[in-house]
Amino acid sequence: VDFDHHLGRAVLMFGIPYVYTQSRILKARLEYLRDQFQIRENDFLTFDAMRHAAQCLGRVLRGKTDYGIMILADKRFGRNDKRGKLPKWIQEHLKDSMCNLSTEEAVQIAKKWLRIMAQPFTREDQLGV
């Protein structure tokens with residue numbers, strides 16, 4: 001499915017996408033990482049989950065001139081051990097003032113932001129041009 005332009009303006013992520021930990025393959029991988037590189041299971045699982053989260057969140061931005069809202073509907077994303085494993089381009093926009101909002105606050109902020117972003121702009125207004 002391809003959500004071009006105005007058809008995909010938001011990603012709503014409920015929960016953190018951890019993998020199924022009872023898989024024999026994953027258990028072998030975790031054992032290898034622990035034995036060879038001293039990487040703790042929880043660290044790898046959190047890193048992997050944040051990588052999956054970043055992939056999902058990035059789907060809303062399909063090009064330089066695209067825009068969208070990324071909603072992380074899980075308080076765990078606000079914790080430093082999770083937040084620090086997200087890519088820098090996401091971390092830069094995760095402001096403390098935008099965390100732990102009520103649904104009403106989030107809807108009001110999203111409406112205001114989408115109205116601003118939907119306004120026409122000239123090519124000169126774009127960064128980097």
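First, a definition: a salt bridge here is a side-chain nitrogen of Lys or Arg within 4 Å of a carboxyl oxygen of Asp or Glu. Please keep in mind that this is a predicted model.

With that in hand, look at Arg9, Arg62 and Asp66. They are linked in a network of salt bridges. Within it, the side chains of Arg62 and Asp66 meet at 2.7 Å, N to O. Asp66 counts as buried, because its relative accessibility is 18% and the cut-off for buried is under 20%. Arg62 is partly exposed, at 34%.

How many salt bridges does the structure hold? The count is 10. I'll show two others.

Arg40 pairs with Asp43, and the N to O distance is 3.0 Å. Arg40 is exposed, with a relative accessible area of 56%. Asp43 is partly exposed, at 28%.

Next, Arg51 and Asp48. Their closest N and O atoms are 2.7 Å apart. Why are they separated by about one helical turn? Because they sit three residues apart in helix α2. In general, an α-helix has 3.6 residues a turn, so residues three or four places apart point the same way. Asp48 is buried, with a relative accessible area of 8%. Arg51 counts as partly exposed, at 38%.

Let's stay with α2. This helix runs over residues 41-58, which is 18 residues. From first C-alpha to last, α2 reaches 26 Å, close to the 26 Å expected at 1.5 Å a residue. Its buried residues are Phe44, Leu45, Thr46, Asp48, Ala49, Met50, Ala53, Ala54 and Leu57. What covers them? The cover includes β1 (10-14), α1 (24-37), β2 (69-73), α3 (80-83) and α4 (88-91).

Leaving out residues up to four places away in sequence, Ile90 touches Ala54 and Leu57. Both of those are among the buried residues of α2. Ile90 itself counts as buried, at 5% relative accessibility.

Now α3, and Arg83. Is Arg83 buried or exposed? Buried, with a relative accessible area of 13%. Its contacts, again leaving out residues up to four places away in sequence, are Phe77, Gly78, Gln91, Leu94, Lys95, Asp96 and Cys99.

On to the largest pocket. Its volume is about 1400 Å³. There are 33 lining residues, and the closest to the centre are Ile69, Met70, Ile71, Leu72 and Met98. Which elements give two or more residues to the lining? Those are β2, α4 and α5 (103-117). The most comes from α5, with eight residues. By class, the lining has 20 nonpolar, six polar and seven charged residues.

Last, two backbone points. Most residues other than glycine have a negative phi. Gln38 has a positive one, near 55°. Gln38 is in the loop between α1 and α2, and it counts as exposed at 61% relative accessibility. Asn100 also has a positive phi, about 55°, although it is not a glycine. Asn100 lies in the loop between α4 and α5. At 62% relative accessibility, Asn100 counts as exposed.

That's the tour. Comments, please.

Note on methods. Residues are numbered from 1 along each chain as its sequence is written. This is a predicted model: local features need pLDDT of at least 70, side-chain atom pairs count only at pLDDT 80 or more; totals for chains, interfaces and linings use all residues. Side-chain values use heavy atoms; hydrogens and water are left out. Helices (H or I, at least four residues) and strands (E, at least two) are DSSP runs, numbered from the N terminus. The expected span of a helix is 1.5 Å times one less than its number of residues. Buried means under 20% relative accessible area, exposed over 50%, partly exposed in between (1.4 Å probe, protein chains only). Contact means heavy atoms within 4.5 Å. On a 1 Å grid over the protein atoms alone, a cavity is a set of points where a 1.4 Å probe fits but cannot get out, and a pocket is an open set with protein on both sides within 12 Å along at least five of seven lines; lining residues have an atom within 4 Å of a point. Grid points are joined across faces, edges and corners, and a volume is the space filled by probe spheres set on the points. Ala, Val, Leu, Ile, Met, Phe, Trp, Tyr, Cys and Pro count as nonpolar, Asp, Glu, Lys and Arg as charged, and the others, Gly among them, as polar.
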